[in-house]
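Please look at the sequence and the 3D structure below before reading on. The report then goes through some helices and charged pairs.

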Amino acid sequence: NGAGAGVAFLVQIALARAMGEGPYGQYSVVIGWMTWGALAARFQLDGCAPRFVSEYRATDRPGLLRGFVRWSHQLVTIASIGIALLGLAIVMLFGDRIGGEMDRASIAAAFLLLPTAVITLSSACLQT
């Protein structure tokens with residue numbers, strides 16, 4: 001974890017130097033909002049998935065295991081799409097105030113929200 005945090009820090013420094021302060025600030029804001037949206041869309045299911053998946057596997061209840069995995073992925077997918085659409089609506093309503101570059105970055109982040117949330121949940125289900 002420490003090495004990953006160090007690499008992430010160095011990547012952020014490199015991005016800030018390469019992009020300049022204005023675009024890097026916009027990138028940071030958009031990624032922050034996208035991360036928040038993905039966190040909200042997961043409903044903390046990525047935190048409880050290892051517990052339920054390992055319990056259902058250990059007690060040999062494949063029906064419950066399939067049900068939990070399917071239900072949690074459906075819920076996260078629907079919530080992610082809803083939050084992304086809300087974000088896109090906000091961009092469309094306030095796009096003239098946000099600015100062109102920030103508009104495009106926000107739209108890209110809205111499309112990244114679904115895979116971010118679903119991949120995080122899937123990796124939590126595979127931790128067992």
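Predicted model: local features only at pLDDT ≥ 70, side-chain atom pairs only at ≥ 80, totals over all residues.

Residues are numbered from 1 along each chain as its sequence is written, and side-chain values use heavy atoms, with hydrogens and water left out.

**Helix α2**

Helices here are DSSP runs of H or I with at least four residues, numbered from the N terminus. Helix α2 covers residues 21-42, which is 22 residues. From first C-alpha to last, α2 reaches 31 Å, close to the expected 32 Å; the expected span is 1.5 Å times one less than the number of residues.

The buried residues of α2 are Y24, V30, M34, G37, A38, A41 and R42 (buried means under 20% relative accessible area, exposed over 50%, partly exposed in between, with a 1.4 Å probe and protein chains only). Seen down the axis of α2, these buried residues fall within an arc of 155°, so they line one face of the helix. The arc is taken from the directions from the helix axis to the C-beta atoms. The face of α2 turned away from the buried side carries the exposed residues E21, W33 and W36. Just after α2, F43 has a positive phi of about 50°.

**Helix pairs**

Axes are lines fitted to C-alpha atoms, for helices over the stretch in contact, and angles run from 0 to 180 degrees between N-to-C directions. Angles under 35 degrees count as roughly parallel, over 145 as roughly antiparallel, 65 to 115 as roughly perpendicular and the rest as oblique.

| Helices | Axes come within | Crossing angle |
|---|---|---|
| α1 (residues 2-19) and α2 | 6 Å | roughly 135° |
| α3 (residues 45-58) and α4 (residues 62-98) | 9 Å | roughly 165° |

The helices α1 and α2 are therefore oblique to each other, whereas α3 and α4 are roughly antiparallel.

**Salt bridges**

A salt bridge is a side-chain nitrogen of Lys or Arg within 4 Å of a carboxyl oxygen of Asp or Glu. By this rule the count is 2 salt bridges. D46 pairs with R42, their closest N and O atoms being 3.2 Å apart. D46 is buried at 19% relative accessible area, and R42 is buried at 11%. In the bridge between R61 and E55, the closest N and O atoms are 3.1 Å apart. R61 is partly exposed at 33%, and E55 is partly exposed at 29%.

How values were computed. Helix = DSSP H or I, 4+ residues; strand = E, 2+ residues; numbered from the N terminus.
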